[in-house]
Amino acid sequence: MAAEYLPVRAVTLRAGYGLQVGSSGVNALSSEGLSLGASFDGLSERVGLDVAYTSFGDLKSTVGVALRA
């Protein structure tokens with residue numbers, strides 16, 4: 001399940017929640033749980049920034065940052 005919200009033209013906010021259904025084993029790479037993200041456009045005419053957080057169970061969580069040109 002996921003949602004995306006655009007409060008202003010240059011900002012996009014994302015949230016999601018993953019749930020593994022019908023699996024009896026433990027998967028260390030499963031992305032069950034909360035995921036959050038944001039995109040910022042308009043830092044200049046051609047540059048944008050993406051930020052994401054994902055929970056990965058036994059691997060704890062990750063934060064990713066990407067600069068787009």
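View 1. Counting its secondary structure, the protein has zero helices and five strands. Please keep in mind as you look around that this is a predicted model. Read from the N terminus on, the elements follow the pattern β-β-β-β-β. Of the 69 residues in the protein, 16% count as buried. The protein exposes about 5,300 Å², and carbon and sulfur atoms supply 60% of that area. Among the contacts with a separation of 6 or more, 23% come from residues 24 or more positions apart.

View 2. As a bit of background, strands of a sheet pair through backbone hydrogen bonds, and they can do so in a parallel or an antiparallel way.

**View 3. Strand 3 meets strand 4.** Here you can follow strand 3, which covers residues 33-41, alongside strand 4, which covers residues 48-55. The two run antiparallel and are joined by seven bridges. One place to look is L36 of strand 3, whose bridge partner in strand 4 is Y53. L36 has a relative accessibility of 40%, so this residue counts as partly exposed.

**View 4. Strand 4 meets strand 5.** Moving on to the next pair, how many bridges hold strand 4 and strand 5 together? There are eight bridges, and the pairing is in the antiparallel sense.

View 5. Which residues make the nonpolar surface patch? They are M1, Y17, L19, L34 and L36, and together they give a patch of about 600 Å².

View 6. E4 belongs to strand 1 and R14 to strand 2 (residues 11-18), so the pair ties together parts that are ten residues apart in sequence. Are these two residues buried or exposed? E4 is exposed, with a relative accessible area of 51%, while R14 counts as partly exposed at 35% relative accessibility.

**View 7. R68 takes part in a network of salt bridges.** Three residues, D41, D50 and R68, are linked in this network. In the salt bridge between R68 and D41, the closest N and O atoms are 2.6 Å apart. Because R68 lies in strand 5 and D41 in strand 3, this pair ties together parts that are 27 residues apart in sequence. R68 also forms a salt bridge with D50, and here the closest N and O atoms are 2.8 Å apart. This second pair links distant parts of the chain as well, with R68 in strand 5 and D50 in strand 4, 18 residues apart. R68 is partly exposed, with a relative accessible area of 32%. D41 is partly exposed too, with a relative accessible area of 33%, and D50 counts as partly exposed at 22% relative accessibility.

**View 8. T12 is a buried residue of strand 2.** Where does T12 lie, and which residues does T12 touch? T12 is part of strand 2. Its relative accessible area is 10%, and because buried means under 20%, T12 is buried. Leaving aside residues up to four places away in sequence, T12 touches E4, Y5, L6, G37, A38 and S39.

Note on methods
Residues numbered from 1 in each chain as written. Predicted model: local features only at pLDDT ≥ 70, side-chain atom pairs only at ≥ 80, totals over all residues. Heavy atoms only, no water. Pairing = 2+ DSSP bridges. Helix = DSSP H or I, 4+ residues; strand = E, 2+ residues; numbered from the N terminus. Buried < 20%, exposed > 50% of the residue type's maximum accessible area, 1.4 Å probe, protein only. Contact = heavy atoms within 4.5 Å. Areas by Shrake-Rupley, 256 points an atom, 1.4 Å probe, with all protein chains shown as cover. Patch = residues over 30% accessible without salt bridge, like charges linked within 9 Å, V, L, I, M, F, W, Y side chains within 5 Å. Salt bridge = Lys/Arg side-chain N within 4 Å of Asp/Glu carboxyl O.
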